[in-house]
Amino acid sequence: MKNNELKFFSPADEWTSALPLGNGRLGCMVFGDPVRERIQFNEDSLWSGIPQKKEEDIYSEAVNKVRSLINQGHYSQAQKIADQKLLGPWSSFYEPAGDIFLDFPDSHKNFSDYSRSLDLEKALCSVSYKADNLLYTREIFTSHPADAIIIKLDCSKAAGLSFKIRLSSLLKYQLNVNEDSSDSAYFILRGKAPVSGPNTFGPDEEPVLYDDVMGMNYTSCLRVKVYGNDAHVKKDHDSILVNKADRAELYLTAATSFNGFTREAGSQGKDCDLLCRTMDKKVSAFSYEELYQEHVKDFSSLFNKVQFELKGENSQLALKKLSDKSSPVFSRELAPLFFNFGRYLLISSSRQGSQPANLQGIWNQDIRPAWNCNYTTNINLEMNYWPAEVCNLSECHLPLFDLIKELSVTGRDVAKYRWKCRGWAANHNCDLWRKASPAGGSSEWALWPLGGAWLCTHIWEHYIHTGDMEFLRDMYPALKGCVEFLMDFLQKDKDGYLVTNPSISPENNFIDPETNNKCCLSRAGTMDMSIIREVFTQYKIIAGLLNLDEDFAKETESAIEKLFPYGLTKDGRLREWCEDFKEAEAGHRHVSHLFGIYPGHLLFEKGEEKYKAAAEKSLLERLSNGGGHTGWSCAWTVCLFARFKKAAEAEKYLDVLFNKLTYKNLFNVCPPYQIDGNFGGTAAITEMLVHSGSFYDEESSCIELLPCLPQSWTCGSIRGLKVRGAYIIDMEWRDLKLKNARIRAKKGGKVRISYNNSGKFYNFNKDDEISLDSFLESL
């Protein structure tokens, strides 16, 4: 299909023009230069740092003082103490593993007929060009079944391939080069990650700090095989020379000493040499053709679950426009390719058993990447997984639940010693070591113990899209621990409401009316209360489904009615904080107070109309002051407009996302690169095409088809979306009208299906498939 390929006619001139490949654990970026090919690669457990130190019982006095000052309205004083006493340490950072360089003769500088492409269905990067009147081709893929990065190079003339191979890393490493025979050789790169690094660089600071014993060890093996009567390889110092080959194949395997988030990887780690040798032996047992066929079968089985087409789509024209900025990209031209690219990235960066996708998925070239390339839980990590269920990639969601279970371990000490609460809590930054404590810097981002609660809303999302009761049983202890923390963390205010104290609206500030200074700390932030409403509601239902903890579930249910209510500003917007504070930045990138509209449900489904109208007004006001200026923020904006059924506005900001916040290779611009906007944009497109209710009760068990269809998307189809209630949707529209739709039930139940303000209830048995033709004909 034409919307399943990224194709370019020149090599990548920068990292954000290179093409990404990944198998969940290994990732690489392919530049495609004819003279000096660079393939930069990552391994998802290669992080700096060591396991978190045990929390100390030293915070009670400061917590009590902060809470008291907030209750008295002395917000700036409270923040000063919190910044001094309640923050730190910083999180670790995700590291680049290395680079493969392929150096070709200078005659390749005079190349012609160049193309570089990424086939999203096959997860295959191809490069071809002519030089010296010969055709040169390269194929690169990252295989999940073989757990390796695999590269094939061909020439149209026998014995026409001669080039040099080098392997290197930005980290500390040692390199060995070995010859097996005249047609086979290999590199072994043994490296070490830093144990730490200062968060900001001073003139005399080292960017990273190493230790002789502690810190992650890693091993990479790059095996080279050549074919042809005259083909041979030769060791040349730190390089391997390929001479007169018909074809060459390279196989990269990599492993770290990571041995779980509680064990120090340098002194208690796994034998990464042994792991890498085992992987190398496994991949060497198969031919390139066998490996390629198995790879395509594996990847396409996930990618082909969903298909999306639009009349007027023109992905090649859209890519050209992005590259040369010649004219604006229209949403209908790029939406299907952008949507498919988001699904491709999720499959490539998050597979069962891998680490979750971080701020950059699994792709990073910097020792000190932006924001440490970690897991940021105040929007970014959650947004990474917004498309997982609805795009029928539930299996790609699973690494996030492994992280939640591990955070529920490290987060127990945070809850116990920092807040004197049961259960567990996590703050806004997490890393490989499952850091759950606040980061350093400022309370405006760091002091937010609701990160674990937001993550736990994904438990409901996975269950309600799949009906998997065994999954619920497995995740129940983590969910209950989260609820226990929230029940203990809530404080009763002077009016009898339950509030969070201290509380922030993540990364945003108000003007303290007492000091007229910028400030972040108060109580009962709207996002806090919205998340808690969702988590308590979900817990009540899940405890009932599992027939567990009836008394505690009732206690939680009764607390919902006592939570601090929504409020309005003087000009009719939804309040972001407990009081009608003046905003320090009217166009702030976060829209945290709108959580209850999207990705939450309760404000949208159960909230009073005045609050829903106020939420929409809040969004418009924020945008009018410059909000939505990062990729992920713009994607969230499209999701919100889709919930509000504002098709023109949703398309407008989809156009902004495409034209202003997308790199040449379709990576999202934060800036710099972050992957969350890719995933958020993919989720936004699905929300424009189909909305499903929360399924908390019968009233919210509903599916609405084409709720937010832009006028320019006149004709199209989408097949394979999976909505809440575990229903699979196929539908087609022509001239902006739904022509046919089919719904398949994975578990069955009663659901209201609506289109164009008309609806009908259907009762499904498990595996039923129903056509909506008669319903549509009746409209």
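## Helix pair H17 and H18

A crossing of two helices is called left-handed if the near helix is turned anticlockwise from the far one by less than a right angle. In this predicted model, H17 passes H18 in such a left-handed crossing. Helix H17 covers residues 631–643 and helix H18 residues 647–660; their axes lie 8 Å apart and the packing angle is about 165°. Angles over 145 degrees count as roughly antiparallel, and H17 and H18 are therefore roughly antiparallel to each other.

On the H17 side, the residues that meet H18 are Gly631, Cys634, Ala635, Thr637, Val638, Phe641 and Ala642. Their counterparts in H18 are Glu649, Ala650, Tyr653, Leu654, Val656 and Leu657. Sorted by class, this contact of H17 with H18 has 10 nonpolar, two polar and one charged residues.

## The four-stranded sheet

An open sheet is built from four strands in the order E25-E26-E30-E31, with mixed pairing. Strand E25 (690–692) and strand E31 (758–764) stand at the edges; each has a single partner strand, so one side of each is left without a neighbour in the sheet. On average, neighbouring strands of this sheet are turned by 20° against each other, direction ignored.

## Strand pairing and the packed helix

Strand E26 (residues 702–705) pairs with strand E30 (residues 749–755) in the parallel sense, over four bridges. Cys702 has Arg752 in E30 as its bridge partner.

Helix H19, residues 676–689, packs on the sheet and touches E25 and E26. The direction of H19 makes about 85° with that of E25.

Definitions and conventions. Residues numbered from 1 in each chain as written. Predicted model: local features only at pLDDT ≥ 70, side-chain atom pairs only at ≥ 80, totals over all residues. Heavy atoms only, no water. Pairing = 2+ DSSP bridges. Helix = DSSP H or I, 4+ residues; strand = E, 2+ residues; numbered from the N terminus. Axes fitted to C-alpha atoms, helices over the stretch in contact; angles between N-to-C directions. Contact = heavy atoms within 4.5 Å. Parallel < 35°, antiparallel > 145°, perpendicular 65-115°, else oblique. Nonpolar A, V, L, I, M, F, W, Y, C, P; charged D, E, K, R; others polar.
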